[in-house]
Amino acid sequence: MLQTVLIIFGIGILAGVLGAILGIGGGIIITPILTLAFGLDIKYAIGASVISVIATSSGATIAYIKDDLLNLRVAMFLEIATTVGAIVGAVLVGIVQPNFLYVLFGGLLLFSSWNMYRKLRAGSEVLHRPQPDPVAEKLRLNSSYYDKNTQQQVDYQVEHIPGGLGVMFGAGLASGMLGIGSGPFKVMAMDTVMKMPLKPSSATSNLMMGVTAAASATVYFFNGAILPQIAAPLAVGVLIGATLGTRVMQILPARWIRIIFVPLLLYIGGQMILKGFGVSF
Amino acid sequence: MQSDEQKTNTEMAQVEKIIGLILQIGVLISAIIIGVGLLLLLFTGQSGYPGQTFPTHFGAILSGIVQFKPFAIMMLGLFCLILTPVLRVVVSIYAFAKEHDRLYVVITSIVLVILVFAMVLGYLDI
């Protein structure tokens with residue numbers, strides 16, 4: 001018992017650090033480890049992963065709120081789409097073919113990793129739009145943040161709000177169905193679609209994941225999918241890891257974060273598509 | 001105009017400080033409860049429940065806590081952790097209200113209603 005608890009505690013720290021840096025919930029890391037390495041039933045792996053998503057989010061949000069990286073308006077506005085998506089997703093689980101979803105989401109992840117790769121090659125971040133977006137102005141979504149790496153206050157504008165909402169609804173769907181934080185989709189909605197800079201996108205995604213996951217977590221909690229002996233050490237480990245990861249993230253330049261992100265998205269996307277076609281490993 | 005804005009800014013900074021503190025306390029309390037349950041489990045080597053079972057409902061969890069059953073304490077801590085993002089939404093409504101941002105009080109309240117709806121759905125659909 002002690003050994004298992006300690007190993008899972010260690011996995012939690014690792015997932016927390018990675019999750020905080022990349023703006024993902026760690027569910028994508030934890031579910032494969034628990035099912036492949038520990039032979040745990042996918043149902044319990046998903047339950048544990050939802051807890052780790054909340055722990056990453058809550059652990060990191062505390063740090064971000066002090067550092068002004070978070071855009072609370074963007075988070076709450078988009079949260080309407082993700083929470084509704086999560087509920088629809090939870091209802092849809094029993095109806096739609098899961099294989100189809102795996103392929104669909106895997107494809108989206110591959111697309112987004114290609115997109116980020118393109119951005120890497122394009123160089124610096126685009127912050128100032130020549131034409132301000134009227135919807136973003138009306139909803140007061142534009143903001144600024146202090147970049148510790150370049151030591152500058154960066155003003156930014158967001159655009160394509162309906163597109164962002166659409167992707168967020170999809171992210172909520174994935175979250176409700178697969179018990180993941182779907183951080184990559186959320187970062188994609190803000191960073192790729194809405195043209196928000198990566199650091200505030202990442203921080204905002206972290207907060208949103210927790211709120212989205214909380215909705216489905218109660219379902220998992222009450223139907224017994226959250227095993228205390230797995231979820232508890234994982235939660236504590238993730239909380240510690242997320243706190244560490246947040247410190248590291250502020251020193252790393254956005255470019256580095258992208259370099260880590262691109263192969264990760266490729267890997268997960270490929271894994272999801274293969275799973276959709278029935279290839280297991 | 002300028003001083004008004006400055007006043008709002010310092011007020012907001014204070015509100016954010018309070019929110020940060022509330023959240024930190026919430027997360028800390030959950031972590032402590034989970035930690036106590038974990039330590040109890042490791043030291044006693046017993047979950048307090050037969051085989052692989054564990055409590056999932058408030059009644060069973062509460063009666064388990066009274067008897068210092070490790071799994072019951074861990075489940076309570078995990079449930080508190082699940083509530084921390086909900087707490088985040090609640091304090092955000094307060095923050096926007098302080099800022100006299102009526103639009104975002106409404107938007108954030110909608111999020112809270114959706115969350116509560118999802119929770120009721122989870123609780124009833126067993």
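Reply: In this predicted model, helix α7 of chain A, residues 161–178, packs with helix α8 of chain A, residues 183–193. Their axes lie 8 Å apart and form an angle of about 170°. Because angles over 145 degrees count as roughly antiparallel, α7(A) is roughly antiparallel to α8(A). On the side of α7(A), the contact is made by Gly163(A), Gly164(A), Val167(A), Met168(A), Gly170(A), Ala171(A) and Ala174(A). Helix α8(A) contributes Phe185(A), Lys186(A), Met188(A), Ala189(A), Met190(A) and Val193(A). By class, the residues of this contact comprise nine nonpolar, three polar and one charged.

Chain A also contains a pair of strands. Strand β1(A), residues 143–147, and strand β2(A), residues 152–156, pair in the antiparallel sense over five bridges. Within this pairing, Tyr146(A) has Gln153(A) of β2(A) as its bridge partner. Four residues lie between the strands of the hairpin, where Gln151(A) takes a positive phi near 55°.

The view may now be widened to both chains. In chain A, 43 residues are in contact with 41 residues of chain B. Five helices of chain A each supply at least two residues to the side that touches chain B: α1 (2–22), α3 (42–67), α4 (72–92), α9 (198–222) and α10 (228–251). That side of chain A divides into 31 nonpolar, nine polar and three charged residues.

The largest nonpolar core holds 110 residues. Those that touch the most other members are Ala48(A), Ile51(A), Ile54(A), Ala231(A), Ala235(A) and Leu78(B). Helix α3 of chain B, residues 70–98, gives the most to this core, namely 14 residues. When neighbours within four places in sequence are left aside, Leu78(B) is in contact with Ile51(A), Ile226(A), Pro228(A), Ala231(A), Ala232(A), Ala235(A) and Ile34(B). There is also a second, separate core of five residues, among them Met116(A), Phe261(A), Ile268(A) and Met272(A).

Phe58(B) belongs to helix α2 of chain B, residues 58–66. Phe58(B) counts as partly exposed because it has 13 C-beta neighbours inside 10 Å, whereas a buried residue requires 20 or more and an exposed one has 12 or fewer. Between Phe58(B) and Gly26(B) there is a separation of 32 residues in sequence and of 19 Å in space, taken from C-alpha to C-alpha.

Terms used
Residues are numbered from 1 along each chain as its sequence is written. Chains are lettered from A and ligands numbered from 1 in the order in which they are written. This is a predicted model: local features need pLDDT of at least 70, side-chain atom pairs count only at pLDDT 80 or more; totals for chains, interfaces and linings use all residues. Axes are lines fitted to C-alpha atoms, for helices over the stretch in contact, and angles run from 0 to 180 degrees between N-to-C directions. Angles under 35 degrees count as roughly parallel, over 145 as roughly antiparallel, 65 to 115 as roughly perpendicular and the rest as oblique. Two residues are in contact if their C-beta atoms, placed from the backbone, lie within 7 Å. Ala, Val, Leu, Ile, Met, Phe, Trp, Tyr, Cys and Pro count as nonpolar, Asp, Glu, Lys and Arg as charged, and the others, Gly among them, as polar. A nonpolar core is a set of buried Ala, Val, Leu, Ile, Met, Phe, Trp, Tyr and Cys residues joined through C-beta atoms within 7 Å. Two strands pair if DSSP finds at least two bridges between them.
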